Amino acid sequence: CSKCPAGTYRSANLSDRKCLQCSPGSYQESDGAAACDSCPDFATNFLPVIFESLVTSGEATSVLDAFDTSSRDKCKCAEGYFGAALTNAGCTACPTGGRCCVEADNGRCEWGGLHPRPLPGFFTSDSNQDIMVRCFPSEACTGADANGDPQCAATYTGYRCGKCADNSYRLGDQCLACPSSPRALFAIAALFAIMIVFVTLYVSALGIRLSSMIIFTNVVQVVALYQSYELSWPTTLIDVMNAASLLNFNLEIFAPECSVGNAAGNYFTSLVLWLVIPIAFGGILCVLFFAFQAIGARMAPSGDAGIMKGAWRSLFTGAREERVSKFVNAFVMFLGVAYTSLCSKSLEMFVCKRAEDGSQVLLASPDVDCYVGEHSDSVWMAYLGLLLYGIGIPVALVVLMVRNKTRLQD
């Protein structure tokens, strides 16, 4: 009798010596074989998409018609695994956040593929294309395109979709589309800064004790910081916390990237801006002090006519020591309100999360890897902020209280 062709084997049953096709996941390359060899672990030579097309065309009547069992080369990693089945590496289980499937035209999975593709919420690691790293926030990454390349949502871009795209700005951990009138927000921000300067001066001139108000402000500031926790906050609550962050002097609310360019959205640039805010505020107070002094020298002396007029007038024409005290009080009041924000901004430089590929991600700016590159070169700024503000402000307040112990007791 003739030998069984490749892809089949001879039945061991003496009463039925038919040539039988190799079963799914096995093959035989030689003629006249008595058994079939198995595909490597987690590999198969059954392609369901091919079987469906053969059935549709009438070329297949059995599932075995969808196999090419005559060659080991037809063994490929099954769905849920990836790699080159016939190499020493073999097939590997699909990683967390990955999809191991090469799709046919009808959307069905043909086989596992050589490399995994990222699912929504994940991005391909730049150090190992077979590892998927988590995106922050997860909605920034939308999965892979038809070629397997990771894709970002409309307002995100860059590695791990960690940067805000053009015409968008960062607010908390989200990238939002720029408003239609970004320069109007910039003008509001400028007016807000001017208002803070003059409100603190006016309150200081009145001599009002605002301990309760400062405590309330600190509570609202802490509430705004809750958003940094990785929890599924309701949208309404996120909006409330974003509004509360205004008391944390959150510059992001005013969409600076939209009005002055993307350089303002760079994390390290924003950190510098935060750290110079108290210095800038103190500089403005110094300029106003000498400006008020010059204006006061030209003002005709007159009695107070109402509390506002009298309070403002004391900043122009009062005794020098008294005026210095009021300007210093205004600066101290500002530092008391800004203290929480300054410490939080300095500390967030150290809030990193280990990614699946072993790298460390800066949660405040997910496109930045911690303790390497620009982060490593700039971490000294965070230490400086903690030294100047985190430690410096309490120490300065203690010194002021000790020096003015008699006045405080009175």
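Biologist: Helix 8 and helix 9: is the crossing left-handed or right-handed?
Modeller: The crossing of helix 8 with helix 9 is left-handed. Left-handed means the near helix is turned anticlockwise from the far one by less than a right angle, and right-handed means clockwise. Helices here are DSSP runs (H or I, at least four residues), as are strands (E, at least two), numbered from the N terminus. This is a predicted model, where local features need pLDDT of at least 70, side-chain atom pairs count only at pLDDT 80 or more, and totals for chains, interfaces and linings use all residues. Residues are numbered from 1 along each chain as its sequence is written, and side-chain values use heavy atoms, with hydrogens and water left out.

Biologist: Which residues of helix 8 and helix 9 make the contact?
Modeller: Helix 8 brings Val332, Leu335, Tyr339, Leu342, Cys343, Ser346 and Leu347. From helix 9, the residues include Ala382, Gly385, Tyr389, Ile393 and Leu400. Contact means heavy atoms within 4.5 Å.

Biologist: And by class?
Modeller: That contact has 13 nonpolar, three polar and no charged residues. Nonpolar covers Ala, Val, Leu, Ile, Met, Phe, Trp, Tyr, Cys and Pro; charged covers Asp, Glu, Lys and Arg; the others, Gly among them, are polar.

Biologist: At what angle do helix 8 and helix 9 pack?
Modeller: About 150°, with the axes 9 Å apart. Helix 8 spans residues 320-347 and helix 9 spans residues 373-403. Axes are lines fitted to C-alpha atoms, for helices over the stretch in contact, and angles run from 0 to 180 degrees between N-to-C directions. The two helices are therefore roughly antiparallel. The classes are roughly parallel under 35 degrees, roughly antiparallel over 145, roughly perpendicular from 65 to 115, and oblique for the rest.

Biologist: How does helix 2 pack against helix 8?
Modeller: Helix 2 (residues 182-206) meets helix 8 at about 125°, with axes 8 Å apart. So helix 2 is oblique to helix 8. Their crossing is right-handed. Among the contact residues are Ile196 and Thr200 of helix 2, and Lys326 and Phe327 of helix 8. The classes are eight nonpolar, three polar and one charged.

Biologist: Switching to Leu362. Buried or exposed?
Modeller: Leu362 is buried, with a relative accessible area of 0%. Buried means under 20%, exposed over 50%, partly exposed in between (1.4 Å probe, protein chains only). Leu362 sits in strand 22, residues 360-362.

Biologist: What does Leu362 touch?
Modeller: Leaving out residues up to four places away in sequence, its partners include Tyr267, Met349, Val368 and His375.

Biologist: How many helices and strands in the protein chain?
Modeller: Ten helices and 22 strands. Of the 410 residues, 39% are buried.
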